[in-house]
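Here are some questions for someone meeting this structure for the first time.

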Amino acid sequence: MTTRRDHRQTHVRPRPPSTGRPTPVKVKPRAPGPTRLAGHRPIQRSRGLPLILRLGLIAAVLALCGGVLYVGLNGVGMVVGGIGSTLGGFIGHVTATPTPAPSVYATVGAPSIQQPTEPYTSETNVDLIVTVPAGLAGDVGHRVRVYLTLPDQHPAAIEEAALAGTARNVIPVQLENGINDFSVTIVGPDGTESDPSAVVRYVFDNVPPKIAVTTPKNDAIVNATSVVLNGKTQARTTLLARNDANGSSVGGTAESDGTFKLSLSLATGVNTITISGTDPAGNASELILKLRRGSGKLTATLTASTYQIKLSRLPEPVTLFVKVTDPDGGAVAGADVTFALNIFGVAPITSDRKTDGEGMASFTTTIPKGATLGPGTATVLVTTQEFGSVPDNTVITIVR
């Protein structure tokens, strides 16, 4: 028991009555002494953390636990960053006001255009066969955009088409004169475009091909049973030569440089030959050529440096010449030639030669003394593998 003394009176707590229950004593409250604190206030119990913070705290604890496990694998730095990111992201997600996300369309794959079998055409319109990714077939939100590139120009969009119900789309387009390069893209609902397709080229050409025969010339004489027509036209033009005289015909195709060579049989007399050509675009033209068939024989022409020799001037040199031409009148090179000279009173003289690039051959000999008056004979025999053999002769006379 504690008592407080002062100079006027002393307060002592009474004993309880014999009943065992003390009698209540009213005590006047005292002012606190200068060394005591003022009376305390009741403790105000907090209502607890807000729900958002509680949830955040739980998330942080869970992240911390996971981070402890993750430390052994990847390090403390990543854990700290992960905790901060998780806690901040969670709180931000809970407290942020949700807003509608804009629609984003994924970029689709590039379409393709079927290459034409023949890019040249005389038609003003063609169909582009466009294939789009299978997942877009029939999609009303996407369209095919067609670009046209002309020589020395940039690609320009010329039209758009809705997608067909299948991946295969047929899009008609109009052609400009000359080269037309097409490409296509797919345009999405938000206006974005896919990568472009590979370029497909069409060439619009409505001009008939010009046909020219370089050899033989019109109205030429051909000394053979057939003729080779050499000429030039548009590259890859399909050609047909027809001879009205005997009904024969032959076809062919011009080379990449436009040259052509056609062999056609000939009839006796005049042959009217029609050469028709169709270029890759389908344009057609004709040329008429007239040729006359000659004898069709190998020709050898024998000449001599002199045809009369005076007996008094013997011995006297003499030279024999031969000109060999084929059935078309052209020089025959490399033909086998045998010269022979028979003069009265002298043994026969012979010599073998070959024709040069101009179809010529020659032989020089001397007629000795002892030759008698009268005509002698100079002969030549020409032999070829292609045209057979042909002889010729001339007369050389010994005179007084």
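Q: What makes β18 and β24 a pair?
A: The model is predicted. In it, β18 (residues 308–310) and β24 (residues 388–399) share three bridges. Two strands pair if DSSP finds at least two bridges between them, so β18 and β24 count as paired. Their sense is parallel.

Q: Which residue of β24 is the bridge partner of I309?
A: I398 is that partner.

Q: How do you know that β23 and β24 are paired?
A: Count the bridges again. Eleven join β23 (residues 374–384) to β24. The cut-off is at least two, so this is a pair. The two strands run antiparallel.

Q: Why are β17 and β22 called edge strands?
A: Start with the sheet. Three strands form an open sheet in the order β17-β19-β22, with antiparallel pairing. β17 (299–304) and β22 (360–367) each pair on one side only, and that makes them the edge strands. Neighbouring strands of this sheet are turned by 20 degrees against each other on average, direction ignored.

Q: What makes β19 and β22 a pair?
A: Eight bridges join β19 (residues 316–325) to β22. Pairing takes at least two bridges, so β19 and β22 qualify. They run antiparallel. Within this pair, V322 has A361 of β22 as its bridge partner.

Q: Where do side chains point in a regular strand?
A: They alternate between the two faces of the sheet.

Terms used:
Residues are numbered from 1 along each chain as its sequence is written. This is a predicted model: local features need pLDDT of at least 70, side-chain atom pairs count only at pLDDT 80 or more; totals for chains, interfaces and linings use all residues. Side-chain values use heavy atoms; hydrogens and water are left out. Helices (H or I, at least four residues) and strands (E, at least two) are DSSP runs, numbered from the N terminus. Axes are lines fitted to C-alpha atoms, for helices over the stretch in contact, and angles run from 0 to 180 degrees between N-to-C directions.
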